[in-house]
Amino acid sequence: MSNINLSGEATEFLLYSYFGCDSKELAHGGKEKCAYRAYIDLARTVKYTYSSTELEKAKSGSDAYAFAVVQKDRIRDICLKLIESIEGYPIDSSDFDSWHERECHQIIKNMNASYDKEKRKFLKVNFTYGQAQKWLNMTLKYLWLLDMLPVGISPEYLHVPIDSFILQALKETGEFSAKDNKITGSGDSYYYNGEAWSAISTSKNYEQLQNSIKALAAKNGLSPIEWEGPAWIDVAKKRSNK
């Protein structure tokens with residue numbers, strides 16, 4: 001089969017379908033769209049004080065309606081601040097991992113903050129490091145795919161967004177069976193050192209996993225983010241063919 005060359009119309013359709021903007025809008029505000037799309041990728045794992053059904057049925061003046069307004073504003077604010085930090089990453093910095101960890105903790109802090117003067121909880125279950133890394137890493141991945149990474153962030157720096165697809169791909173390599181570096185599970189559920197990706201709770205666990213991925217990718221002459229795409233697609237195909 002010959003390579004597919006997408007027409008301008010096809011590209012515009014795909015951009016709008018996935019990010020909610022066309023190529024012109026992508027150049028002005030599109031980066032925030034990437035951050036919001038990254039949030040959507042993990043949103044199903046977030047346990048808010050009000051369920052999605054309660055928010056959909058909320059009437060003006062109700063507590064649930066007020067919460068929905070706060071929720072929308074907070075997610076937008078986190079996306080804007082995330083892009084601001086990415087854009088401000090210093091060109092001459094070689095400490096990407098430390099910056100990455102600070103950003104994850106900032107996302108966690110913002111998501112776990114109360115939502116009103118009575119200090120009522122925004123979430124039923126605290127936001128985790130695993131969820132924060134997915135938000136940050138998918139944002140960076142989308143910017144990379146769209147050739148919108150700032151000059152200071154090299155594609156080689158990027159971390160792999162951890163989810164169940166990637167954990168499955170890693171488990172299938174047979175290289176994650178050590179007691180303190182172990183992936184278990186089957187079907188659609190996989191765990192790193194006993195934690196699902198959305199429940200990864202420490203930067204130590206996360207850092208160890210990323211270092212292992214980096215070593216695995218290097219064996220194939222790839223950066224981690226170059227390894228991730230084909231690995232994720234391979235698992236997605238396997239799951240769809242069940």
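Start with the largest pocket, which holds about 660 Å³ of space. That volume is the space filled by probe spheres set on grid points, joined across faces, edges and corners. A pocket here is an open set of points on a 1 Å grid over the protein atoms alone, where a 1.4 Å probe fits, with protein on both sides within 12 Å along at least five of seven lines; lining residues have an atom within 4 Å of a point.

Before you click on, note that this is a predicted model: local features need pLDDT of at least 70, side-chain atom pairs count only at pLDDT 80 or more, and totals for chains, interfaces and linings use all residues. Residues are numbered from 1 along each chain as its sequence is written, and side-chain values use heavy atoms, with hydrogens and water left out.

**Stop 1: the pocket lining.** Select Tyr18, Met138, Lys141, Tyr142 and Leu145, which lie nearest the pocket's centre among its 24 lining residues. Now colour helices H1 (8–19), H7 (129–145), H8 (164–171) and H10 (224–240): each gives at least two residues to the lining. Helices are DSSP runs (H or I, at least four residues), numbered from the N terminus.

**Stop 2: Cys34.** Go to helix H3 (residues 30–42) and pick out Cys34. Is Cys34 buried or exposed? Cys34 is buried, at 0% relative accessible area (buried means under 20%, exposed over 50%, partly exposed in between, with a 1.4 Å probe and protein chains only). Next, show Tyr142: it sits 108 residues from Cys34 in sequence, yet their C-alpha atoms are 6.0 Å apart. Leaving aside neighbours within four places in sequence, Cys34 is in contact (heavy atoms within 4.5 Å) with Phe19, Thr139, Tyr142, Leu143 and Leu146.

Stop 3

**Stop 4: two loops.** Pick Lys119, in the loop between helix H6 (96–112) and H7. Its phi is near 60°, a positive value in a residue other than glycine, and Lys119 is exposed at 65% relative accessibility. Finish at Asp147, in the loop between H7 and H8. Asp147 has a positive phi of about 60° although it isn't a glycine, and Asp147 is exposed, at 72% relative accessible area.
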